[in-house]
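Let's take a walk through a protein together, starting with the whole and ending with single residues. Have the sequence and the 3D view ready as you read.

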Amino acid sequence: MRQTMRLTKVELRRLLMNKKTYILMIANILIIALGYVEFVRNIGDYIFTASRLCTIDNIVFPFAIGTLGGSLIWGISLIVDSDRVKKNYVKDMINAFTDERKASLSRIFAYSVIILVTLLIGLLVVMPICSKRMDYLFDFRAYLTYPVLVFIPGCFMTLFLCEGLYKMSENKAVSLTIFLVLTAAQFSPLFIANDFFRWNMPIVSDISDAFGSPTILRILGYTRILLLAVSICIWEFACLFIRKYQYGALRSFSLRIRKPAALIVPVLFAVIVIIGAVKQPFIDHAPIVSLEDGGDLSFSEEETEAEYASYKRNLSFSTALGTMRGEDECVLAEVMKDEITFTLGAGIKLKSATLDGEPLDFSGEYDVNNNFDTYFGNKLYKIKNPEKKTGKLKLVYGGYPAVSRSTMACLGYMNENVIGKSFIGISWLCMGPVYSNVFGPDKELYINVPSNQIPLIEAEEMEKVKDNGDGTTCWKAEYSSGNLMSGAYNSDKVSYSAEDVYFKYSSKYGKAVQENDLDGAICNVFDYCDKHFGPIEKNSSTGEEIKDIKILQTSAEYGGGYADDGAVVMSEHFMSPQTLSDSRAGTNMNETFMHEIIHLYWGDLGMVCQDDGLWSAEGLTVFTTYRIVKEKYGELYAKQYYVDEWKKGVMHLNNNFYFRHPEYLDKLPDTYRAQIESGVESTRKYELMPLMLLKAEEKLGGEEEMDKVLQELYSRNLEFRLNETGCTYQDFLDTAGLTEEDLKLE
């Protein structure tokens, strides 16, 4: 190694004395800067498939572009330099005083130093641009972390790969061709959605500006290290082809592999890669199944296994590792069977089970007869209690909440379980044992989260118990089922004419809330809807009265948005600066934010709609948003950003060949057909239906007459809830006194 370091100094000095090196460094830095040019970013959306959040847009994307450019620049340069040694007939001179493997490694090390310097300069050059664009969401730690995880491994693995390719072929044209083919292959339809194969321009989606993205960081770091090990393995294997004097590649290779010592390192790296890929903690290895094959969420009709008098659950989290640990203490009052069964979510494992301190035998396996559990990676556990003893049952479990292979195959890597310093989101499937045949009163749930966080169960606040003295706080709630969301929140009490609404959002979004008057947008929605359709109902889907209406922001990594039982839960996508200032959808983009709140009236607490692909709560919500915007910003504004856009969408829909000839859809590949069907359904809901409602308003004689129809439908909420289908399109037509022909669009 000492000789390798000396050779590295020589090689580094040679590079630093070459003007070409500085030209390449400047070129790489300029490519990073191009990531801030809108034209390049629009093109990049097609290859990078990233969302437009600030960290993605201003940190990850420019350095991902820089990684791709740097990979090409330094990879090609390394192959040319390696070929120069052979072309100038100095290879044998070098081999006379050192091993060619060491000379190769020294070249890689020297280029690595140049790449590190390039990254450092690039970080300094673009930091003022990045910080200005991100404003209050700029995070210096994220600014350093993501480029290091994206840029350095991507360029380093390129060096090992290119040097390995040249060692095997000793032909510049062949090496360059294979390198360029491998680079282009990652953007092919086969690999573009697979983060593992995006080796020098990785996919990083939905990085949270508000709460950080620890799950993405962990899988990104793990994948990059694994891919770097792959490239080193390729280089080590290629070194077996180094030509012996007067021997060719295959002859040299056959002589080297006869010595076991020469195979130790490449085989070791190959084993590490295989084990790392197979055993990665982020993927649960349940069998791959489809929910369409009869799998659904159903409750067991088997006999009761046990009843408990009390149940206490205590959950704690490691925000550094992303793991959770749970302890359940259950007082069994009556035991009917000699087995107690339950499921644990993907990645969570039962570690011990005791009854009054005595260990019980247990087993865990995937229930292949239950598609729902197998699809989500839930494992079925059985605890043996042959004597049917009662007493205190204690269960200890934990692990890293993972994604099942079935979910990966269907949706890609989408993990709704997030454990980090600023946000924790855990689905009910991973919050401890889920029983089907064990019954008793609600559980006492104790949650230990970082002291800067406020935990909620399905947006319901918990009771603070104590500070644990280790930077965490214990909270308590009565619990039967529900998802946990815990974050570093600001909490606003927003009062409109009728009552109060509680708005919880990340402390980093305080400026966005003020600048876009989101508190005012909340008031606008409730005042308008109460006045035009009827007051908000405060009864949940189970008939229980809801104490408070809440609006809750979640991490972009947690994803999604919905309204349920008086709680509007929305990802930070709906509040990101890009969304709130997107000129394509209007200049006052708190409208997107309002849309989700309106769902309280159409689809949650208010009128339940039957979704038939056209008539839906989404269409009513879009139409209501248009009406609020029209009242607030004027008819011209509403026409430009709503009605005209609806008409464009419907025009494109009518021009769609497969929409006009659906009989040809069955002849398309499944993936392409699904994309077309999804696009058609989206246009029907979000553009065609609002246009039809607008035409109904014109037919009825104006907004007041339309409001009477909607008020009538809204007042029949209880009737529609009792009706399994909800409010149908025909219900609307009958109430309005219209026919389908009346609302047909030309």
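What follows begins with the model itself and then moves to a few places in the chain.

This is a predicted model, in which local features need pLDDT of at least 70 and side-chain atom pairs count only at pLDDT 80 or more, while totals for chains, interfaces and linings use all residues. Residues are numbered from 1 along each chain as its sequence is written, and side-chain values use heavy atoms, with hydrogens and water left out.

How confident is the predictor? Its score is pLDDT, the confidence in each residue on a scale from 0 to 100. The protein averages a pLDDT of 85, and 91% of the residues score at least 70. A contact means heavy atoms within 4.5 Å. Residues 583–587 also have pLDDT under 50, with eight contacts beyond four places in sequence. Where pLDDT is low, the predicted coordinates should not be read in detail.

Now step back and look at the overall fold. The secondary structure comes to 24 helices and 24 strands. These are DSSP runs numbered from the N terminus: helices are H or I with at least four residues, and strands are E with at least two. Along its principal axes, the C-alpha trace spans about 95 × 75 × 55 Å. A compact globule of 746 residues would have a radius of gyration near 27 Å, and the protein has 30 Å, which agrees. That radius is taken over C-alpha atoms, and the globule rule is 2.2 Å times the number of residues to the power 0.38.

What share of the residues is buried? Buried residues make up 51% of the 746. Here buried means under 20% relative accessible area, exposed means over 50%, and partly exposed lies in between (1.4 Å probe, protein chains only). Among contacts between residues at least 6 apart in sequence, 73% join residues at least 24 apart. The protein exposes about 34,500 Å², with carbon and sulfur atoms supplying 56% of it; these areas come from the Shrake-Rupley method with a 1.4 Å probe, and for residues only the protein chains shown count as cover.

Let's turn to the backbone. Most residues other than glycine have a negative phi. Lys 388 has a positive phi of about 55° although it is not a glycine. You will find Lys 388 in the loop between strand S8 (379–384) and strand S9 (391–399), where it is partly exposed at 41% relative accessible area. Asp 517 has a positive phi as well, of about 50°, and it is not a glycine. Asp 517 sits in the loop between helix H14 (510–515) and helix H15 (518–532), and its relative accessibility of 41% counts as partly exposed.

Next, visit a place where two helices meet. Leu 653 belongs to helix H19 and is buried, with a relative accessible area of 5%. Beyond four places in sequence, Leu 653 touches Phe 659, Val 680, Thr 683, Arg 684 and Leu 688. One of these, Thr 683, lies in helix H21 (residues 670–700). Thr 683 is buried too, because its relative accessibility is 15%. Leaving aside neighbours within four places, Thr 683 is in contact with Gly 649, Val 650, Leu 653 and Leu 688.

Is Asn 655 buried or exposed? Asn 655 counts as exposed, at 54% relative accessibility. Asn 655 is in the loop between helix H19 (635–654) and helix H20 (657–660).

Our last stop is Asn 490, in strand S20 (residues 489–495). At 27% relative accessibility, Asn 490 counts as partly exposed. Which residues does Asn 490 touch, not counting those up to four places away in sequence? Asn 490 touches Phe 503, Lys 504, Tyr 505, Ser 506 and Ser 507. For a sense of distance across the model, the C-alpha atoms of Asn 490 and Met 168 are separated by 59 Å, and these residues are 322 apart along the chain.

Methods:
pLDDT is the predictor's confidence in each residue, from 0 to 100.
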